[in-house]
Amino acid sequence: MSDRRSFYSEGTGPEAVVLDSDPPSPADPHQLLRVIADMKRRLLLVSNSTLHGGGYLDHCQTQIQDFFGKDVKRVLFVPYALHDRDSYTKTARDKFRTLGYNVDSIHEASDPVDAVRKAEGIFIGGGNTFRLLKSLYDNKVVTEIRRRVLEDGVPYMGSSAGTNVATISISTTNDMPIVYPPSFSAIGLVPFNINPHYLDPDPNSRHMGETREQRIRQYHEEPDTPCVLGLKEGSMLRVEGHRATLLGTTKARLFSRGQTSVEYDPGSDLSFLLTDAH
């Protein structure tokens, strides 16, 4: 239970320090999972922002409109994963405008925490996961985002790095640690990890370096590590309360410690991940 315990209780090491504020920590992890399952969370966790042959968010725009619906008028965008936040915000703002939504960027707000408190919907974009998580902690919005999503039911969309930080930890990101966040523990909206941009090994490739599968298996060599859902390009996970469904045009692969990996087709019911993270 190292990843999950380090997030919800005190401990040592890079995944055990939560400077924002420490959330309540139920003694029984199964009780924790039941509590999370009963929350009002609504999540759209996308593997990638751009798919070959299309523009920014083109491949998931139908799912975005269905997810945010007509009740949400303004979406709070979090561009912390990229260095040029102004340019990134313009890209997101222009795209969401074509979908019928106005975008406010958290980096333009005088008080980031207050911006989260007022948000009708939240979208955290991709880039470098370490930079993103460090900025979330630096601006003290980790706890507030978690509260708004799990308690208030504010819809949360993540793409790539934004999907990584929605999970238990960023330990299974593909990114380089260009900065060092105070903790690897992430927002914790689901009780497992995700590996966006997952690639299956290519049997015809002459590349002799580590595959993504090998890296995830190395992660699972550590004790009590949660399962990892490898989202391939074009896939996304939609969570509504205690239900999770794989959407998109490509498959996903689930890795569990000590078990054979399992591949799932689009449309698969993955709700069991919300109550059985191992």
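I take buried to mean under 20% relative accessible area. With that settled, I opened the structure, which is a predicted model.

**Entry: confidence**

I started with the pLDDT. Its mean over the protein chain is 86, and 82% of the residues reach 70 or more. Residues 1–27 fall below 50, although this stretch has 72 contacts in the model beyond near neighbours in sequence. Where pLDDT is low, predicted coordinates should not be read in detail, so I left those contacts alone.

**Entry: helix α6**

How many residues of α6 are buried? I found 7 of its 10, so the helix is mostly covered by the cut-off of under 20%. They are T129, F130, L132, L133, S135, L136 and Y137. I then looked up what they pack against, and the list came out as β2 (74–78), α4 (85–98), β4 (122–124), α7 (142–150) and α8.

I checked both ends of α6 too. At its start, a side-chain oxygen of N128 comes to within 3.0 Å of the backbone nitrogen of F130. Just after the helix, K140 has a positive phi of about 55°.

**Entry: the cores**

Next I turned to the largest nonpolar core, which holds 49 residues. The members touching the most others are I124, L136, I145, Y156, V165 and L229. Helix α6 (residues 129–138) supplies the largest share of this core, with 5 residues. I noted another core lying apart from it, of 20 residues, including C60, V75, Y88 and L99.

**Entry: helix α4**

I followed the packing of α6 over to α4. This helix has 14 residues and reaches 20 Å from first C-alpha to last, close to the 20 Å expected at 1.5 Å a residue. Which residues of α4 are buried? I listed Y88, T89, A92, K95 and F96. They sit on the same side of α4, because they cover an arc of only 135° around the axis. I was pleased to see exposed residues on the other side: D86, K90 and T98.

For the buried residues of α4, I found packing against α3 (61–68), β2, β3 (102–105), β4 and β5 (156–159). After the helix comes G100, with a positive phi near 100°.

**Entry: S169**

Last, I looked up a single serine. S169 lies in the loop between α8 (161–164) and β6 (193–198). Is S169 buried or exposed? It counts as buried, because its relative accessibility is 1%. Its side chain makes a polar contact with the side chain of S171, at 3.1 Å.

Methods:
Residues numbered from 1 in each chain as written. Predicted model: local features only at pLDDT ≥ 70, side-chain atom pairs only at ≥ 80, totals over all residues. Heavy atoms only, no water. Core = buried A, V, L, I, M, F, W, Y, C linked by side-chain atoms within 4.5 Å. Buried < 20%, exposed > 50% of the residue type's maximum accessible area, 1.4 Å probe, protein only. Helix = DSSP H or I, 4+ residues; strand = E, 2+ residues; numbered from the N terminus. pLDDT = per-residue confidence, 0-100. Contact = heavy atoms within 4.5 Å. Polar contact = N/O pair within 3.5 Å; in protein donor to acceptor, adjacent residues only side chain to side chain. Expected span 1.5 Å × (residues − 1). Arc of directions from axis to C-beta.
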